[in-house]
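Subject: Structure handover, helix packing

Hello,

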Amino acid sequence: MKVLHIGATIGLIGGGQLASMMSIAAARLGFRTVVLSPEKNCSAARTTNEHIVAAYDNHAALEHLAQLCDVITYEFENIPITTLDYLALNTTVAPPPFALAVAQNRFIEKKFLGECGIATAPWWFIEDRETLDAALIACGGKGILKSCFFGYDGKGQVHITKNSEDTIRMALETIGHVPAILEGFVDFSKEISVIAARGRLKDVVFFDVPENIHQAGILRTSIVPAAVSPEVIKTAREITATILHTLNYIGVIAVEFFVKADGSIFANEFAPRVHNSGHWTEATCIISQFEQHIRAIAGWSLGIPLRHSDCIMENIIGDDINKTPEILQQPGTFIHLYGKEEIRLGRKMGHIIHITHTQE
């Protein structure tokens, strides 16, 4: 992988808040950015040097993007893998397209984790009613049915707590009878994530570990540092490093874990990108996850992400954005609004970082 010079151009697939924050970090390091997104008034349109308004499978637009950029990255999983493969013919794509191919299909992702020797919740591949019936018997009659594709923030997921005819029928209808997995429930006490980066020299750098609280499948709060043992953190980081090296990864990754009361951990899933549970790094680290990602894909040296404060990060969801005037009055509070024009139920409109303690 080549090392980019100051003034080089970085392409971003997707125009949401993650692309916006990456483009801000890139500008601070002296890079230009070009965003490709079908949404004309997307969040990243306010912060990038150029915005190509086009569908992700528009070959003419992809060719134009490849011509403009020295490296191309992406901000979310639901991009056609054919898009990245097409771009990779003419320019560098980081993280590698294979990482996206694994992460965007829950069946392939679970299989990949198992082949790496990484413990997960028990799971079964679901093709139809017959395979779901068999899986429910195997896991005690309850679990979480998750569509293989296009699932995030609780979408494409159904909790099955009762093995009845109506429950099973409604569950399959809810996910549209698409290929899925049934995941057995894990009796966990905490959820954590590891935010890490791997550079061109195969070096891996870790941020501190946040404890995450979800509601209705959406991340609401991340608390840093997580109240878990050093042994849990060590194991979670070792697992993350295994994933990074196996994928020959370049960039920032987030790996989510369930932690049981006895300290054992299970990998839930990974996101091949900067991640919501790492937003707190904007206000409490010398180097944010966004700068670290730009450094990695540019072939630059990774930074040591020293954390100077403890914090609580909260997502601003939907109508919560109307509380902005009150939030601004709170001491020790950092706020980042995403500039989204439409307020919708469950939509992430911004985030707040509350400084709870400054390190001596």
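The model is predicted. In helix 6 (residues 129–138), the buried residues are Leu132, Ala135 and Leu136. Their arc around the axis is only 100 degrees, so they lie on the same side of helix 6. The face of helix 6 turned away from that buried side carries Glu130, Ile137 and Ala138, which are exposed. The cover over the buried residues of helix 6 includes strand 6 (123–126), strand 7 (143–147), strand 8 (157–160), helix 7 (165–174) and strand 9 (180–183).

Two helix pairs follow. Two packed helices are described by the angle between their axes and the distance between the axes.

Helix 6 and helix 7: the packing angle is about 125 degrees, and the axes are 11 Å apart. An angle of 65 to 115 degrees would count as roughly perpendicular and one over 145 as roughly antiparallel, so this pair is oblique. The crossing is right-handed. On the helix 6 side, Arg129, Leu132, Asp133 and Leu136 meet Glu165, Ile168 and Leu172 of helix 7. By type, the residues of this contact are 4 nonpolar, no polar and 3 charged.

Helix 2 (residues 59–68) and helix 3 (residues 81–88): here the angle is about 45 degrees, with the axes 10 Å apart. These two helices are therefore oblique to each other as well. Helix 2 passes helix 3 in a right-handed crossing. Helix 2 contributes His59, Leu62, Glu63, Leu65 and Ala66 to the contact, and helix 3 contributes Thr83, Tyr86 and Leu87. The residues of this contact divide into 5 nonpolar, 2 polar and 1 charged.

Regards

Notes: Residues numbered from 1 in each chain as written. Predicted model: local features only at pLDDT ≥ 70, side-chain atom pairs only at ≥ 80, totals over all residues. Heavy atoms only, no water. Axes fitted to C-alpha atoms, helices over the stretch in contact; angles between N-to-C directions. Helix = DSSP H or I, 4+ residues; strand = E, 2+ residues; numbered from the N terminus. Parallel < 35°, antiparallel > 145°, perpendicular 65-115°, else oblique. Left-handed = near helix turned anticlockwise from the far one by under 90°. Contact = heavy atoms within 4.5 Å. Nonpolar A, V, L, I, M, F, W, Y, C, P; charged D, E, K, R; others polar. Buried < 20%, exposed > 50% of the residue type's maximum accessible area, 1.4 Å probe, protein only. Arc of directions from axis to C-beta.
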